[in-house]
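Subject: The structure I promised you

Hi there,

Here is the structure we talked about, ready to open in your viewer. Have a look at it first, and then read on for what turned up.

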Amino acid sequence: MVQAKTWVLTRHFEGFPKDSNFELKLEQLPEPKDGEVLLEALFLSVDPYMRPFSRVRMKEGEVMIGTQVAKVIQSINPAFPVGCHVVGRCGWRTHTVSDGTGLTCLLSDWPQDVSMSLALGAIGMPGLTALYGLEEVLGLQAGETLLVNAAAGAVGSIVGQIAKIKGCRVVGSSGSNGKVAFLKELGFDEAFNYKTVNSLEEVLMTAAPDGYDCFFENVGGLFSSVAIPQMKEFGRIAVCGSISTYNDTNPQTGPYPHLTMIFKQLKMEGFMVGRWEHKNPESLRRLMAWKREGKLQCREQVTEGFENMPAAFMGMLQGENIGKAIVKV
């Protein structure tokens, strides 16, 4: 019998998450049956989506949702032999008995000198989100100007780098001077700390006087209201996240962009990465190739210890991470 540690959601979040929203529990797991495997978590992901999705996809008392890289330590399933590594939506738990549903093996030729934690970041869901948002939603073209906010995060940092690979001019917004320095290291053409500028409107206009062809939106709220009027005619906006609103107890209101969108004939589309899941194998290989060629830098903020999952999650929501926030078991 294997004992799993799990983090459960004791109560749905009201406002910003608190320690009291989580409880560490122990769970006795049964032996795997025919077709099942026993997984041991190596790396776990904390992501912004967990905050809004927990409300709609979880009941109180359930194990927190999330993805992990795990090693198969027992197997009665030939598709997942002992010793192989998988990415799975197992939630916040150290061990899992799985029938294989939702498990994806890491790339068969995953390089030994590349940490498997990147399967939760640049060579995983956040990298795919960046790629599909740019290619499938925005249709980004060489020579265009792109704006991305939360640009030093797991998705935004990859967005900017892929846009540079495609020959675009990139303007990024982040929330600290250290993050701005990181964006400059990545090759962003312009980067600024939105918390310290005197006027968000002025800094956006200065960074791109002719306006923005594309906007990769991760933040929502006031930033969106100021940025949308800076779009060029026929500009395109990919709505990936709205982190500035996730912890609001009272919904934000207006201003409303409809007239701007009509006059400039803008296209604005929300998306989730699962829409293009059929493209993942080829897309992951493209991301890995860029990483191996030195075209993608993959910064991680690693927290040691499963017991620190809630702290890592809340720190990520407060913007403490540069790049992908990961918990190493």
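In which loop does Gly319 lie? The answer is the loop between α9 and β15.

Before the rest, a word on how to read this. This is a predicted model, in which local features need pLDDT of at least 70, side-chain atom pairs count only at pLDDT 80 or more, and totals for chains, interfaces and linings use all residues. Residues are numbered from 1 along each chain as its sequence is written, and side-chain values use heavy atoms, with hydrogens and water left out.

Back to Gly319. Just after α9, this glycine takes a positive phi of about 80°. Gly319 counts as partly exposed, with 29% relative accessibility (buried is under 20% relative accessible area, exposed over 50%, and partly exposed in between, using a 1.4 Å probe and protein chains only).

Helix α9 covers residues 309–317, and eight of its nine residues are buried, so the rest of the structure largely encloses it. The buried ones are Met309, Pro310, Ala312, Phe313, Met314, Gly315, Met316 and Leu317. They pack against β1 (2–9), β2 (22–29), β3 (37–45), α1 (50–57), β14 (300–304) and β15 (324–328), where a contact means heavy atoms within 4.5 Å.

Now the whole chain. It has nine helices and 15 strands (DSSP runs numbered from the N terminus: helices are H or I with at least four residues, strands are E with at least two). The radius of gyration is 20 Å, close to the 20 Å from the globule rule for 329 residues, so the chain is as compact as a globular protein of that length (C-alpha atoms only; the rule is 2.2 Å times the number of residues to the power 0.38). Along its principal axes the C-alpha trace spans about 65 × 45 × 35 Å. Of the 329 residues, 52% count as buried. Among contacts between residues at least 6 apart in sequence, 67% join residues at least 24 apart.

Finally, the record: UniProt, in an unreviewed entry, places "domain: Enoyl reductase (ER)" at residues 15–327. Its positions are in the numbering used here, feature names are shortened, and annotations may be inferred rather than shown by experiment. Over residues 15–327 the chain is 27% helix and 25% strand, with the end C-alpha atoms 23 Å apart.

Best wishes
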